[in-house]
Amino acid sequence: MNKLLFLLCIFLSTFNCFAFNMQHLNAAAQDNNKNIYFSSHDGVYRFDGNHYLNLSTISSLPRRWTNDVIFQSPGYLYIAYNDQDVWKFDLKLLKATQLSDIAATKLSVSNTHLFMLGKEELTLLNLDTLETTKPLSKKLKMFDVSASANHGYVMANDGVYVINEGSSRLIDNSNVSKGELVATPYGVIYFLNNKMVSYSYLNDLKIINEDITSAKHLRFSPPYFLYYVDHGSINQAEITQLSVLRKGINPRPQAYKDLFVDDEQNLWTLDVSRFEVVSSKVKLDRLEIESIYNVIAPVNDTTWLGTDDGLYKYENGDYEPLTDLNKKISEHNFSITAINQTGNKVYITTNLGAYAIDLRNNEVEQFYSGYVINLNIIDQRLYLSTNDDGVQIFNLDLEQLDSGHINKFLPNNIVWSVKKLLGTLYVANEKGLVSFNQRNEATLELEKHAPIADVQLLGNTLYAATYGNGLFRKVNNKWESIVSPLYINELHSLSQELYLSTNHGIHKYSSNDSYTTLLSGTGQYSFTPNSILGISDKITAASNRGVIKVERNKQGQVPNGKISYIKTSEKTYLNPETLKVNNSGWLDIALTNYNYTLSNHINYQYRLNNSQWHDIPTPLIQLNKLNPDNYKLEYRSKVDGAVWSKPLSFHFAVKGPWYSSNSAMWFYAFVAVGLIICAAGFVFFWLQSFHRVFKSHQTQLQREGLSVAAINLANGIDLCGGNETMVCEGLVKLKKAHDILNPIANSHASLGHNDLATAIDMLHVKCLSRDGIEPEFNVTIGKEALTKQLQCDIYAVLYHAVENVFKHASATKITVHLNKVGNKLMLQVIDNGKGLSILTRSVNFGLGYYVMDSIAKEYKQPIKRTSGRKGTKVIAQFPVILQPKPIQARNEKAPS
């Protein structure tokens, strides 16, 4: 489907035609910025190659039927409306002014006056004083008006006049029944009744060409050329001698409303509802016979053209039938399919058979009877691609050779072409592509429902053209489709480019492209096999309308783009150089490169304030919600397969309240970040103050608790020496003392006389006595004696870590590892509980937390805590500090 849509787009764009919702295009003009303006039924449209803009939508110009539009430098348009009114439009200020209520059919302008042609009179408007004069009036009919820099020319029913400062002078007193004129820097050229006349104002001299008997829509093209339409055919002449240079420039004769030449010498044609560029890169020498399938080939120092009406010799744009040879080939009509020369013989294939022409005596000999589609000379042999008999082979002496070893492998007897590439013979067949290696081993390379038309190499890649399924290439022994025209007749290769002859123009393909592109100006022509004569800087080919010569575009940078206009919700700005706009919410920035004949697809990118480049599908940048600030817009473009053009920049400013500017936004962000940092710092120090209060409170409680515990111990001891009642009361006192002393003792260490291993075993037993939790202890600390203080510290950390699991984790399993690793002791306490959140770890006022951190701080090894959904892990490291060995005194007596 994508390929079908692409081909449809190609077909619609083959004529370089620009169509849109305009009717009755009467005239065109171009300003100093290359924009083109068209008069139409609903006002004047501005066109930049990519965008259409009705001037009535951005000004007070009436949106009515217009007869004419002209441009005057530096930036003024003059517009004649159909029923009445002539208006002036300032392209810089976008200001429209009504100049006159005259119903003018045509306008022209000199340096000082505006010429307004009515049906019976000519009115001049002084552009400085706005005063009007009528140098010509009360004529039966006014035909045309045209002005140069200093004066103008008018054609009326009684002749041709030159107009100077309000005065008129008759330069041709002929009675005019039909005619037109166009001013040049040297004078005027006019067609009058049935002749063309060139008048020199300086020399007061006329040159007449009576061979030009029909001419309409005269258009001067600097410096010395004239275009005109003769019975629908566009011709070109030079103005000094009025000699005709080219005929039939347009691909087909048709009726036009006007011609127009832009500042790059592109010729435009206008009809009722569309306009198109007649490509200046294509020259057509029209063949005035009804031949659709034409082939071309060099023969000695001449060029022969094979047509549906026999052989022609083509030279200097003219065609001469080779009548004698045509009669020798056949007395009946025949169509030529291929022309090929070797030595003194020319081999011709037709729908009637194959013929050899001896150039020395013009003798013709038929050596095959039947429809021949193509002819290829390979290894001094003639390979005929026939419509019924497969491949037929002849030597140069016209002796038929055996071709059975080829034809028996062909899926069909209709053969389109035979080629030999890198030692392999390829036969393009109605049903597939068959190859034969040097040992004559056959391989069916490609099989399609559509015929295989041709095969070609581009680099080391094999390409096959089909007539119905488009172009294919062979990559890693697999054929893949390329987006291309469906119906391809022939392939040609040049360097790294492939050229396709199709029913709708010549297409080009490069190996790094994803699809083919149409050569500008060829889309309206059809090309058959053997229709391309040569490919160099120009492509010479025989089309269905004659021989065309096409300038070959070399891939390169696309011309630098420009900003055509910028539209906001308040105003539209044409060709702005810089801009200041209010914060309107949106901007539409229209880009163009003013290349009206470039048919290749162009890609566009832009970036704002040195940000990343953004691709845009069309040359229209849409910006929304821009904050007040200064902006730098950069944009660039490229033709597919080429390189990006050098970026161009445009600076504009968006105005608005200071508090909504980008600088203000950065300030707000800075303030917000500062407030967040201050708030975080306040919370941190606030929590630290709570920690300090808790620490001091715990110290005070411990001091008070020691006093209470001491009193309870003394009372308990005394009471235990009395009767049973006193003993019971004493035990209660001792229990209260124990409850107070136990957490105080465990705040640092409570091993007592036990060593570390024994205390850990007791803790393990305590854990086993807990319901709902499974303990696992893995302790390997060796047999070396650690210092008492180190043992106490390790046990204190382990004890509080285990207690935290019991109190807070809601775990079902706890694992303890205490292992000696080198010169370090690694303690890990792992549970599968609910974990600790960041907030819980930050706002933690438990006693065990302080004990563990204070011990770790003494050893300069911070406690590592990791917590998640699967539980919590506490890791602590301690250095191995051994108990010093006692020194034993040895009393040894010296020998006597």
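Glu634 is buried, at a relative accessible area of 8%, where buried denotes under 20% relative accessible area, exposed over 50%, and partly exposed the range in between (1.4 Å probe, protein chains only). The model discussed here is predicted: local features need pLDDT of at least 70, side-chain atom pairs count only at pLDDT 80 or more, and totals for chains, interfaces and linings use all residues. Residues are numbered from 1 along each chain as its sequence is written, and side-chain values use heavy atoms, with hydrogens and water left out.

**Salt bridges**

Glu634 forms a salt bridge with Arg607, and the closest N and O atoms are 2.7 Å apart. A salt bridge is defined as a side-chain nitrogen of Lys or Arg within 4 Å of a carboxyl oxygen of Asp or Glu. Helices (H or I, at least four residues) and strands (E, at least two) are DSSP runs, numbered from the N terminus.

By the salt-bridge rule, the count comes to 24.

| Glu480 | Arg473 | 2.6 Å |

Glu480 is partly exposed, with a relative accessible area of 31%.

Strands E61 and E64 belong to an open sheet of five strands, ordered E59-E65-E64-E61-E62, with mixed pairing. Its edge strands, each pairing on one side only, are E59 (579–582) and E62 (614–616). Neighbouring strands of this sheet are turned by 30° against each other on average, direction ignored; axes are lines fitted to C-alpha atoms, for helices over the stretch in contact, and angles run from 0 to 180 degrees between N-to-C directions. Strands of a sheet pair through backbone hydrogen bonds, either parallel or antiparallel. Two strands are taken to pair if DSSP finds at least two bridges between them. E59 and E65 (residues 648–655) pair in the parallel sense over four bridges. Lys580 stands opposite Ala653 in E65.

Asn593 is placed in the loop between strand E60 (586–592) and strand E61 (602–608). Asn593 counts as buried, at 10% relative accessibility. A polar atom of the Asn593 side chain lies 3.0 Å from the backbone nitrogen of Asn595. A polar contact is a pair of N or O atoms within 3.5 Å; within protein, one must be able to donate a hydrogen and the other to accept it, and residues adjacent in sequence count only if both atoms are side-chain atoms.

Asn778 is found in strand E66 (residues 774–780) and is partly exposed, with a relative accessible area of 32%. Not counting residues up to four places away in sequence, Asn778 touches Val816, His817, Leu818 and Asn819, where contact means heavy atoms within 4.5 Å. The side chains of Asn778 and His817 are joined by a polar contact of 3.2 Å. Asn778 and Leu818, 40 residues apart in sequence, are 6.4 Å apart in space, C-alpha to C-alpha.

Thr872 lies in strand E70 (residues 871–879) and counts as buried, at 10% relative accessibility. A polar contact of 3.2 Å joins its side chain to that of Ser867. Beyond four places in sequence, the residues that Thr872 touches are Val829, Ile830, Asp831, Gly835, Leu836, Thr866 and Ser867.

**The protein as a whole**

The secondary structure comes to nine helices and 70 strands. Of the 896 residues, 50% count as buried. Among contacts with a separation of 6 or more, 48% are accounted for by residues 24 or more positions apart. The protein exposes about 45100 Å², of which carbon and sulfur atoms supply 51%; accessible areas come from the Shrake-Rupley method with a 1.4 Å probe, and for residues only the protein chains shown count as cover.
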